Amino acid sequence: MESDSNEFSDSDEELQQALKEGSLKPGLNFAVAAPKQYSNDEAGLQSKLEELSNELEWYERLDVTIQNNQEDETNYDDDFQRELKFYQQAQEAVLKSLPKLERLGIPTKRPPDYYAEMVKSDVHMQKVKQKIITKKASIEKSEKAKKLRELKKYGKKVQHEVLLKRQKEKKEMIEAVKKYRKGQKRELDFLNDEEDKKKPGVSKAKGPGQKKTI
């Protein structure tokens, strides 16, 4: 408890001292980041450039100077325009350097049989490959199981619809037989359909006392 009270008293004293010195104003106070300092050490850059130029050949330095366009209207405060300008300057430098490298007999394209040394070992890459294959097989298995479930669900739906249709036909047939027996119906359509299937050309059967016509 005493340490906490001492800490708060110290901080209060610091605040009071800062307020007395004028570095702290009454009201809400918060930390303000110091403005970023940009350095443009032209002398240091020039000396380093001269040092590199004196010790190394150009094909080892690959330094290229691009002439600035006097009518350049690029807004360098805009991040996109600034990055685009960097890209254009790099592209111009490459186009300017390639002919010079060709004159020096230095190849600028990677040979087709060139293999770079891998950072990862072959054992590690085999593990990565196996993991990818396993994951792919798992996804395919899951997709296949999903399709089977959908087909099974669809099959059950069709089976249910067929069952309902048969129950409906059975109910209609029973109702038709009842009406036929009571004399409310002169013919049975389902019997006529069966006869038509077995004997093509035979007309529908009539009710009691009626003759069949051919």
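Student: In helix α4, what separates Arg82 and Asp79 in terms of helical turns?

Tutor: This is a predicted model, and in it Arg82 and Asp79 both belong to helix α4, where they stand three residues apart. Because of that spacing within the helix, the separation of Arg82 and Asp79 is about one helical turn.

Student: What kind of interaction do the side chains of Arg82 and Asp79 make, and at what N to O distance?

Tutor: Side chains of opposite charge can pair when their charged atoms come close. Arg82 is partly exposed, with a relative accessible area of 24%. Its side chain meets that of Asp79 in a salt bridge, for which the N to O distance is 2.7 Å.

Student: How many salt bridges are counted in the model, and which residue pairs with Arg61?

Tutor: The count of salt bridges comes to two. Arg61 is partly exposed at 25% relative accessible area, and Asp63 is also classed as partly exposed, at 31%. With an N to O distance of 3.2 Å, the salt bridge of Arg61 is made with Asp63.

Student: How does the span of α4 from its first C-alpha to its last relate to the expected value?

Tutor: Helix α4 covers residues 79-103, which amounts to 25 residues. At 1.5 Å a residue the expected span is 36 Å, and the helix is close to this value, with a reach of 37 Å.

Student: Which backbone nitrogen does a side-chain oxygen of Asp78 approach at the start of α4, and which residue just after α4 takes a positive phi?

Tutor: At the start of the helix, the side-chain oxygen of Asp78 comes to within 2.9 Å of the backbone nitrogen of Phe80. Just after the helix, a positive phi of about 75° is found at Gly105.

Student: Why does Lys85 count as buried, and which residues does it contact beyond its neighbours within four places in sequence?

Tutor: Lys85 is found in helix α4. The cut-off for buried is under 20% relative accessible area, and Lys85 counts as buried because its value is 15%. Leaving aside neighbours within four places in sequence, the contacts of Lys85 are Asp72, Thr74 and Tyr76.

Student: What is the C-alpha separation of Thr108 and Leu98?

Tutor: Thr108 is placed in the loop between α4 and α5 and is partly exposed at 37% relative accessibility. Its contacts, apart from neighbours within four places in sequence, are Leu98 and Leu101. Although Thr108 and Leu98 are 10 residues apart along the chain, their C-alpha atoms are separated by 7.4 Å.

Student: Which residues form the nonpolar surface patch that includes Val128?

Tutor: Val128 is found in helix α5, which covers residues 122-181, and its relative accessibility of 32% makes it partly exposed. The patch has about 350 Å² of accessible area together, and its members are Met118, Met125, Val128 and Ile132.

Student: What share of the residues of the protein chain counts as buried?

Tutor: The protein chain has six helices and zero strands, and it exposes about 20,900 Å², of which carbon and sulfur atoms supply 53%. Among contacts with a separation of 6 or more, residues 24 or more positions apart account for 30%. Of the 214 residues of the chain, the share that counts as buried is 5%.

Key:
Residues are numbered from 1 along each chain as its sequence is written. This is a predicted model: local features need pLDDT of at least 70, side-chain atom pairs count only at pLDDT 80 or more; totals for chains, interfaces and linings use all residues. Side-chain values use heavy atoms; hydrogens and water are left out. Patches are made of residues with over 30% relative accessible area and no salt bridge: like charges are joined within 9 Å, nonpolar side chains (Val, Leu, Ile, Met, Phe, Trp, Tyr) within 5 Å. Accessible areas come from the Shrake-Rupley method with a 1.4 Å probe; for residues, only the protein chains shown count as cover. A salt bridge is a side-chain nitrogen of Lys or Arg within 4 Å of a carboxyl oxygen of Asp or Glu. Helices (H or I, at least four residues) and strands (E, at least two) are DSSP runs, numbered from the N terminus. Buried means under 20% relative accessible area, exposed over 50%, partly exposed in between (1.4 Å probe, protein chains only). The expected span of a helix is 1.5 Å times one less than its number of residues. A polar contact is a pair of N or O atoms within 3.5 Å; within protein, one must be able to donate a hydrogen and the other to accept it, and residues adjacent in sequence count only if both atoms are side-chain atoms. Contact means heavy atoms within 4.5 Å.
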